[in-house]
Amino acid sequence: MSVIYNRVALIGLGLIASSMFWATKRGGLAGHVTGYARSQDTRDTARRIGLCDEVCDNLIDAVKDADLIVLAVPVGAMGAVAAEIGPHLKPGATVTDVGSVKRTVIDAVAPHLPEGVHFVPAHPLAGTEHSGPESGFATLFDNRWCLLVPHESSTAESVAQLRVYWEGLGANVEEMDADHHDLVLAVTSHTPHLIAYTMVGVADDLRRVTDSEVIKYSAAGFRDFTRIAASDPTMWRDVFLNNKEATLEILGRFTEELFALQRAIRTGDGDMLHDYFTRTRSIRRGIIEAGQDTDAPDFGRSKLEK
Ligand SMILES: NC(=O)c1ccc[n+]([C@@H]2O[C@H](COP(=O)([O-])OP(=O)(O)OC[C@H]3O[C@@H](n4cnc5c(N)ncnc54)[C@H](O)[C@@H]3O)[C@@H](O)[C@H]2O)c1
Ligand SMILES: O=C(O)C(=O)C[C@]1(C(=O)O)C=C[C@@H](O)C=C1
């Protein structure tokens, strides 16, 4: 791979930005990578582990010469960061974000970007329950999707360049409209996270009654829920506050289905339960046959291993 951007600035040095840095180094995709994090602690950690070629103590220093600026902060913080960097961006630079929600991020960021700067929102569909500068690794995006949601300020060239960059980071890239993105992610990511948070909360309540049995005997399904429910609280608070409509729509449907299943259990309607589970099993099998089931990332690998 060759250099795609001479200078990249990563803002918010958590799981996604740090993984982007290690994958950028692995592919030799950037000449120089600057990084900025709000807290001194995070900047110190970043320097200690060699995250970024240069860690800046000031947001403006990190972005002023950059060709690509990546906003990798919680969704609710994107607008404030954009407002601060807007006046200092190089003409012709590309600004992207990695937020899990697209419509509100676009509405919050775009007004702060000067003319001549290209905004190409993005969302890598890859993550873990871990957060912070030490949680990243180079293979996080390998064979995962990254969705690009081009804004009217972007040009075909700026979108194409970001596509090549994400491909270099290991991802498969597709373009999508912002509202459609938010609805799809409400189904595939946001509502499932809310359900996991709820189930773990219920088990936690129960634990007070049954001592530590819930934890001691937790089976695979529940353990998966606890992994997801360990995800960063700030990130997920912002996701739900920013994808309100789509999440509420999907939650409404979920609740209706849950009530139907609840009724079938109460009335002993075995046929209904069997038919329902047969349908859901065929969906899972369809995903596997289509080759869409990607394994969880291998956390045992070193950060720079290919
Ligand atoms: N974790 C995932 O699974 C995942 C996957 C895809 C996209 N995303 C999105 O990527 C973004 C970053 O998520 P992450 O998992 O890397 O989070 P993280 O918690 O690991 O890192 C976020 C970083 O942003 C910093 N930060 C918070 N508020 C800030 C502010 N106002 N100004 C500057 N820095 C600030 C935090 O200190 C932290 O260093 C979020 O928008 C999230 O929705 C996350
Ligand atoms: O694998 C995980 O831990 C994730 O939750 C990753 C996950 C997802 O739901 O798939 C979470 C949020 C994102 O915006 C993208 C990916």
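Reader: Which residue of S8 is the bridge partner of Pro124?
Author: In this predicted model, the bridge partner that Pro124 finds in S8 is Cys146.

Reader: What makes strand S7 and strand S8 a pair?
Author: Strand S7 (residues 122-124) and strand S8 (residues 145-148) are joined by 3 bridges, and two strands need at least two bridges to count as paired, so S7 and S8 pair. The two strands run antiparallel. In general, the strands of a sheet pair through backbone hydrogen bonds, in either a parallel or an antiparallel way.

Reader: How do you know that S8 also pairs with strand S9, and in which sense do they pair?
Author: Between S8 and strand S9 (residues 172-175) there are 4 bridges, where at least two are needed, so they count as a pair, and the sense is parallel. Within S9, Glu174 is the residue that stands opposite Leu147. The chain goes from S8 to S9 by way of helix H6 (residues 156-168), a β-α-β crossover that is right-handed.

Reader: Why is the crossover called right-handed?
Author: The word describes the path from the first strand over the helix to the second, which runs clockwise when the strands point away from the viewer; here that path leads from S8 through H6 to S9. Helix H6 lies across S7, S8 and S9, and runs at about 165° to S8.

Reader: What makes the pairing in the sheet S7-S8-S9 mixed?
Author: This open sheet of 3 strands has the order S7-S8-S9, and it holds both senses of pairing, with S7 and S8 antiparallel and S8 and S9 parallel. S7 and S9 each have a single partner strand and stand at the edges, so one side of each is left without a neighbour in the sheet. On average, and with direction ignored, neighbouring strands of this sheet are turned by 20° against each other.

Reader: Which strands are the edge strands of the open sheet of 6 strands?
Author: The order of that sheet is S3-S2-S1-S4-S5-S6, with parallel pairing, and its edge strands are strand S3 (54-55) and strand S6 (118-119), each of which pairs on one side only. Inside the sheet, strand S1 (residues 5-11) and strand S2 (residues 30-36) share 6 bridges, where at least two are needed, so they count as a pair, again in the parallel sense. Leu10 stands opposite Gly35 in S2.

Reader: How do you know that ligand 1 lies between domain 1 and domain 2?
Author: The protein is divided into domain 1 (5-176) and domain 2 (180-289), and both give residues to the shell around ligand 1, so the ligand lies between them. The centres of the two domains, taken over C-alpha atoms, are separated by 31 Å, and their contact takes 14 residues from domain 1 and 17 residues from domain 2.

Reader: Which residues come nearest to ligand 1, and which elements give two or more residues to its shell?
Author: Of the 27 residues around ligand 1, those that come nearest are Gly12, Gly14, Ser100, Gly127 and Ser131. Helix H1 (15-27), helix H4 (78-85) and helix H10 (233-242) are the elements that give two or more residues to this shell, and H1 gives the most, with 3 residues. By class, the shell divides into 16 nonpolar, 9 polar and 2 charged residues.

Reader: What surrounds ligand 2?
Author: The residues around ligand 2 are Ser100, Leu125, Ala126, Gly127, Thr128, Glu129, Ser189 and Ile228, and by class they make 3 nonpolar, 4 polar and 1 charged residues.

Conventions
Residues are numbered from 1 along each chain as its sequence is written. Chains are lettered from A and ligands numbered from 1 in the order in which they are written. This is a predicted model: local features need pLDDT of at least 70, side-chain atom pairs count only at pLDDT 80 or more; totals for chains, interfaces and linings use all residues. A residue is near a molecule or strand if its C-beta atom, placed from the backbone, lies within 6 Å of it. Ala, Val, Leu, Ile, Met, Phe, Trp, Tyr, Cys and Pro count as nonpolar, Asp, Glu, Lys and Arg as charged, and the others, Gly among them, as polar. Domain bounds come from an automatic or database domain assignment. Axes are lines fitted to C-alpha atoms, for helices over the stretch in contact, and angles run from 0 to 180 degrees between N-to-C directions. Two residues are in contact if their C-beta atoms, placed from the backbone, lie within 7 Å.
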